[in-house]
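Here is a short briefing for a first look at a protein chain. Please keep the sequence and the 3D view open while reading.

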Amino acid sequence: MEKKKKKPNQPTKSKPDPDPDIWAFVIGRGTKSAFLCISLFAVVVRLAVAIHPYSGAATPPKFGDYEAQRHWMEITINLPVKEWYRNSSTNDLTYWGLDYPPLTAYQSYLHGLLLKFFDPVSVSLFTSRGYESYIGKLLMRWTVLSSDLLIFFPAVLYFVTAYYSKKQIGEKSSMAWHIAIILLNPCLILIDHGHFQYNSISLGLTIAAVAAIFSDRDLFGSVLFSLALNHKQMSSYYAPAFFGYLLGKCLRRRNPVFEISKLGLVVLGTFAIVWSPYIYSADASLEVLSRLAPFERGIYEDYVANFWCTTSVLMKWKRLFTTQSLKLLSLAATISTFLPSTIQLILLPTKQSFLYGLLNCSFSFYLFSFQVHEKSILLPLLPASLLAVEEPFIFRWLVYYALLSMFPLLRRDDLVLPYIALYGLFVLLYYAPGRRMDKRETNFLGSTLQSLLLASSLILHIIYMTVTPPEKYPFLFEAIIMLFCFSQFVLISVYSNSKQWALSKHIQVDIEKKSL
């Protein structure tokens, strides 16, 4: 029989098109173009949040974090560098004395120069306390935004470039989504551009350090992380992970002692440069160090979703133990919980393990270290955002409860409206078409559990906003929120630690030796 010829104009049958991948479309225009577009939107979001109130607005006598940052500019502009951390008649350390490392003081000095040029009254010694003029607030907000643009944004570009450099073309379609998720992290925006802080500097330096290490530029990464440590001492949450990973790499090279010595000299050299105004005497160095460890405040303040504060409902730690005993307990608990992750990194220093190690070690510090604040949840959130493509479910889970844990703080700052807006924006970004769905988000058990937890979170939000607590227990709702969030953080930490150790079963150490 004669075969039927296909007519030339007859359309061929094709498979239905998959769901549109807007992220692949965006990244298809080029990495830099995609980054620029997302960055512009991220800047607009930051500006929108910045028009709202901030910590301590019009609440004398000490106001809040906004006044602390402004006061540091006042001190650094008007006093010699050797007196910045010294209590005196011109620098009353009980009124927002500097309590961060020298790099924060230098940053305050540079920002103070800007304020002094445009609005000298805002940083005049003594008379500027509580200063809240329109131009002063505008300049202060711009210092935060400029810190983002100069440090955090370039660091994110550096990271995604390094992270996706060796990935297949198909895997790079998630790059634009990854950029958006990091730059539009609602917790960071609300704290820095709403509440008012400069976390983007230390976090940006940390991201850049991770990117440098992903690019096999370990010495440069060590310099960057040392700078992060010298900006905020809370960056030490990541120190065990950096130590374990870099040590593991050095031990697998031909001359381990030489490699370790190089890293040590780079770290010591960076610290020496930053601390140069204070290392001329032991007393001067101790003056700074004593400000970085405020043990007199107790093991916790306010209501933070960590172990000590949560268990204090049943166990009154501050009454039963001295500060010295609590310091030792806290140290032992923190070390014992981050040690397994650090050991795994020494045994198997892979880049994937390194990201999990950053998350696990930072959680150990958040949950068990001395004097943790609500805002410290930003530290585990950073590595979770870097892992967002591999662990989207865990990242979303952590963001939801990090937001809830900070809600009492943000409500006090009158930031409920931007809180709701950024919460909604995060949900829209997370579920944007084209993103690979996690299996735990689609199965019945996972989706049911998510729904129950989200419903509980929503109920807690509503109760906290509308119901007056009993007079006998004025902080009842804060305690419930704290307990709920703590339980979720523990579950995430347990999962992340188990996931890091599970990597050892699938990756051969010999293969890693060859790649190094």
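This is a predicted model: local features need pLDDT of at least 70, side-chain atom pairs count only at pLDDT 80 or more; totals for chains, interfaces and linings use all residues.

The protein chain has 23 helices and zero strands. Of its 516 residues, 53% count as buried.

**The chain as a whole**

- Helices make up the listed secondary structure: 23 of them, with zero strands.
- The protein chain exposes about 24400 Å². Carbon and sulfur atoms supply 68% of that area.
- Take the contacts between residues at least 6 apart in sequence: 78% of them join residues at least 24 apart.

**Helix 7 and helix 8**

- Two packed helices are described by the angle between their axes and the distance between the axes.
- Helix 7 covers residues 186–196, and helix 8 covers residues 199–214.
- Their axes come within 9 Å and cross at roughly 140°. Angles over 145 degrees count as roughly antiparallel. Helix 7 and helix 8 are therefore oblique to each other.
- On the helix 7 side, the contact uses Leu188, Ile191 and Asp192. On the helix 8 side, it uses Asn199, Ser200 and Leu203.
- By class, this contact of helix 7 with helix 8 has three nonpolar, two polar and one charged residues.

**Helix 5 and helix 7**

- Helix 5 spans residues 134–163. The axes of helix 5 and helix 7 come within 9 Å and cross at roughly 150°.
- Helix 5 and helix 7 are therefore roughly antiparallel to each other.
- Helix 5 brings Met140, Arg141, Thr143, Val144, Leu145, Asp148 and Phe152 to the contact. Helix 7 brings Leu188, Asp192, His193, Gly194 and Phe196.
- The residues of the contact of helix 5 with helix 7 divide into six nonpolar, three polar and three charged.

- Gln69 sits in helix 3, which runs over residues 65–78. Gln69 has a relative accessible area of 5%, so it counts as buried.
- Leaving out residues up to four places away in sequence, Gln69 touches Met140, Phe196, Gln197 and Tyr198.
- Leu98 lies in the loop between helix 3 and helix 4, the latter covering 102–118. Leu98 is buried, because its relative accessibility is 2%.
- Leu98 and Gln69 are 29 residues apart in sequence, and their C-alpha atoms are 9.0 Å apart in space.
- Not counting residues up to four places away in sequence, Leu98 touches Trp72, Thr76, Trp84, Tyr85, Ala105 and Arg291.
- Leu381 is part of helix 17, residues 378–386. Its relative accessibility is 0%, so Leu381 counts as buried.
- Leu381 and Leu188 are 193 residues apart in sequence. Their C-alpha atoms are 9.0 Å apart in space.
- With neighbours within four places in sequence set aside, Leu381 is in contact with Asn185, Cys187, Phe395, Leu398, Val399 and Ala402.

**Cysteines**

- A disulfide is a covalent bond between the sulfur atoms of two cysteines.
- How many disulfides does the count give? The count comes to zero disulfides, with sulfur atoms within 2.5 Å as the rule.
- Cys37 is exposed, at 54% relative accessibility. Cys309 is buried, at 2% relative accessible area.

**Backbone details**

- The peptide bond from Pro60 to Pro61 is cis, and its omega is near 10°. Pro61 lies in the loop between helix 2, at 31–50, and helix 3.
- Trp96 has a positive phi near 50°, and this residue is not a glycine. Trp96 is found in the loop between helix 3 and helix 4. Trp96 is partly exposed, with a relative accessible area of 23%.
- Asp414 also is not a glycine, and it has a positive phi of about 60°. Asp414 sits in the loop between helix 18, at 392–412, and helix 19, at 416–430. At 52% relative accessibility, Asp414 is exposed.

Definitions and conventions:
Residues are numbered from 1 along each chain as its sequence is written. Side-chain values use heavy atoms; hydrogens and water are left out. Axes are lines fitted to C-alpha atoms, for helices over the stretch in contact, and angles run from 0 to 180 degrees between N-to-C directions. Helices (H or I, at least four residues) and strands (E, at least two) are DSSP runs, numbered from the N terminus. Angles under 35 degrees count as roughly parallel, over 145 as roughly antiparallel, 65 to 115 as roughly perpendicular and the rest as oblique. Contact means heavy atoms within 4.5 Å. Ala, Val, Leu, Ile, Met, Phe, Trp, Tyr, Cys and Pro count as nonpolar, Asp, Glu, Lys and Arg as charged, and the others, Gly among them, as polar. Buried means under 20% relative accessible area, exposed over 50%, partly exposed in between (1.4 Å probe, protein chains only). Accessible areas come from the Shrake-Rupley method with a 1.4 Å probe; for residues, only the protein chains shown count as cover.
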